[in-house]
Amino acid sequence: MSETPRYRVAVRALCDFTAREGDLDHRFTPAPSAEDGIAGHAEIARRGGEGVEREVPLHGVIEELSVSGRADGYDPAANCLEEVKTHRGTLARMADNQRALHWAQAKAYGALLCAERDLPAVTLALVYLEVGSGRETRLEQRFEAAELSDFLASLCRRYRAWAEQEAGHRERRDSALRGLAFPHADFRPGQRELAEGVYKAAATGRCLLTQAPTGIGKTLGTLFPLLAAMPRHALDRMAFLTMKTPGRALALEALRQLGAESGAEKSAGTIAELGHESRIEEPQRLPLRVLELIAREKVCEYPGRACHGEACPLAAGFYDRLPAARQAAVTRGWLDREALRQVAGEHGVCPYYLGQELARWCDVAIGDVNHWFDANALLHGLAKTNRWRIGLLVDEAHNLVERARGMYSAELDQRRLARVRRSAPPALARPLGRLARQWQTLVKEAGFAEAGEKGRPAYRVLDGLPDAMVGALQGAASAITDTLVEHPESASPELQELLFEALAFTRLAETFGDHSLCDLARHGRGQAVLGLRNLVPADYLAPRFRAARCAVLFSATLVPPAYHRDLLGLPAETVWQSVASPFAAEQLEVRLRTDISTRLRDREASVAPIVAELAGQVRRHPGNYLAFFSSFAYLERARVAFAEAHPSIPVWAQVRGMGEPERDAFLARFATGGAGIGFAVLGGAFAEGIDLPGERLIGAFIATLGLPPFDDFNETLKARLQARFGCGDDYAYRIPGLIRVVQAAGRVIRGPADRGTVVLMDDRFARREVLTRLPEWWRLPGTSGAAGGPTDTTRP
């Protein structure tokens, strides 16, 4: 053993990297939870009796590696070292490569123990505890100290080569980033201010909430300073987190501009989206590993096949081929969706799981926000395990409140239970029967009629968790788990889905509080849905922000900052930044039609004046327009009326459930030189995140204040937010609605040369509390300057 360590590694990480072999196997097998594992280790410790040392710290320096870890137990009297593992079901079903990994960990601990205590030999014991029955199985084998030392040294040599490579990469990366230059001659107006705020957040280790208008190049203006901060403030990784696929594409293009991928073709249009119109010279290749994280269903090469070696050729021998694929991938560096697929194909491995592995070794990860904020987020788990200093960039952050609410909500469908009961194994008859009876009791106690009013489902917000239902659900989940352990062949998709629903619901039920509510909707006999819905994601997100070195949340609509601080759980020291708009009021004509009410009771009467407004504007200024409505029903009513009254003006409409090709076709209608109106729903796919610069879009009509519906759910949300923050009406209704309005209006002016019109149609747009929250650079009727000027009586 050497005396001068250059690198550090934990035993578990060392074995996971060097000792895995054989197939990838992700077929569903219920595994013990973390709580089960802790309880299992405690049970083995209790059974061990006196004299057995527990949680034995071990350390050694081998092949210039500092290797450390904690052995589960050591009995000096028997000279036996234990490695404890919990499992469910018959031990014989455990895969050989999983058992081999467990032996590798035990042997590594054994080598460290022998060296530390000068033992000539030691007995190693794998102690398996079946958590359901408490049955213990011991597998023992005696090893000479020299044999264990040679084994550990071989693992360390393999890992040291990788560690040396990684250290060299980090040095080259940081050296290049110290000299990173902005890829254009000048910043756009507002872009430098944005970049300075991001850099200061990284330098001080704070969160930054920054509102910056569309068109200044926010993607490049946030990526550049955070990359520049990485070597100066010892950031290990950074993640660019998006709400939608277009955000990932813009981030990748910005990184290409910075030189992360050489030889990339850049269209003038794409560069304009990032904040610059002119082409630039290809920068020198930046030694930066960039990984695009894609959902499994979007990259699976064999859809419909299970993820194990018996079903999928890319899973068979996955770990045997992984080292070469991993090396090829990190050598390549640029790993967007297509590049990762190419590397995986060359080495015959699954592209999705190769990407999951490379998340450990990339410098910049680009993916959906769920990779950090979801309950089982990959990047958050890796950062916590490896103690990374990580910087986060959260694009379109105004969406994070609703996205996070969804992450920490769950539903149970009564119809799924009915389908499962018809084909479930006999052993599940009683627990599923108890669950079915609880469903009936719950629906009866809610006092539901056969259906809701006017074709809507009957709906109730419950007073709290239905404890009897949760208990029956826990019993059913336990029974299903035991059945699938002993009879994996019975793992039908419906049964698995019921189990996943039950586990998600019961886990959230454990943390139920005033941040969530429980509701029940009935769509008909036997068609009830029980929901556990998060209202205030702050309680779940606050630890995620604390786990990052810095986090920058940016969007064009983040006012008021207190709304986002409160609901997202941002730290008290979070900095607020508002970047002034580079656009002039003369670029955008904003008109108010406060003689129109779009309230539900007035919608029939509103259609005629709305149609007249749309037609008059198109005839005065021919071109392409978007018209936004509060619902598909309202949209369709207005579209039909418009088409009947003005058949010569082309119209096209958003419909429910549009796929990507249909969305692309909708946007393709906005061609330069065209004229017509696209009808869309406010808050939908075409109200934000799309770019129609120049003459492709010259105006927008917004026939709604964007308020969520006044129903039992939102009224309960309002009451909870009022009790907690004192801002119930604003936080539940007005602020989310106006964010949608401003986002939709923001589709019109996308660059410094754009001109356009926005017509806001609703009498409530005349109210002071509404006007004061519209963008300051807008000039509204009656003002003597930019919107918000003090001389205007309607807009102080």
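1. The side chains of R764 and D762 meet in a salt bridge, 2.8 Å from N to O; a salt bridge here is a side-chain nitrogen of Lys or Arg within 4 Å of a carboxyl oxygen of Asp or Glu. R764 is buried at 10% relative accessible area, and D762 is buried at 0%. Buried means under 20% relative accessible area, exposed over 50%, and partly exposed in between (1.4 Å probe, protein chains only).

2. The model is predicted: local features need pLDDT of at least 70, side-chain atom pairs count only at pLDDT 80 or more, and totals for chains, interfaces and linings use all residues. Residues are numbered from 1 along each chain as its sequence is written, and side-chain values use heavy atoms, with hydrogens and water left out.

3. The salt bridge count comes to 51. Among them, R20 and D16 meet at 2.5 Å, N to O; R20 is partly exposed at 29%, and D16 is partly exposed at 28%.

4. E261 and R256 form a salt bridge of 2.7 Å, N to O. E261 is partly exposed at 21%, whereas R256 is buried at 15%.

5. Salt bridges also link E43, R46, R47, R54, E82, E136, R138 and E140 in a network.

6. R326 lies in helix 10, residues 318-332 (helices are DSSP runs of H or I, at least four residues, numbered from the N terminus). R326 is buried, because its relative accessibility is 4%. Leaving out residues up to four places away in sequence, R326 touches F17, W162, L354, E357, L358 and W361; contact means heavy atoms within 4.5 Å.

Conventions. Helices (H or I, at least four residues) and strands (E, at least two) are DSSP runs, numbered from the N terminus.
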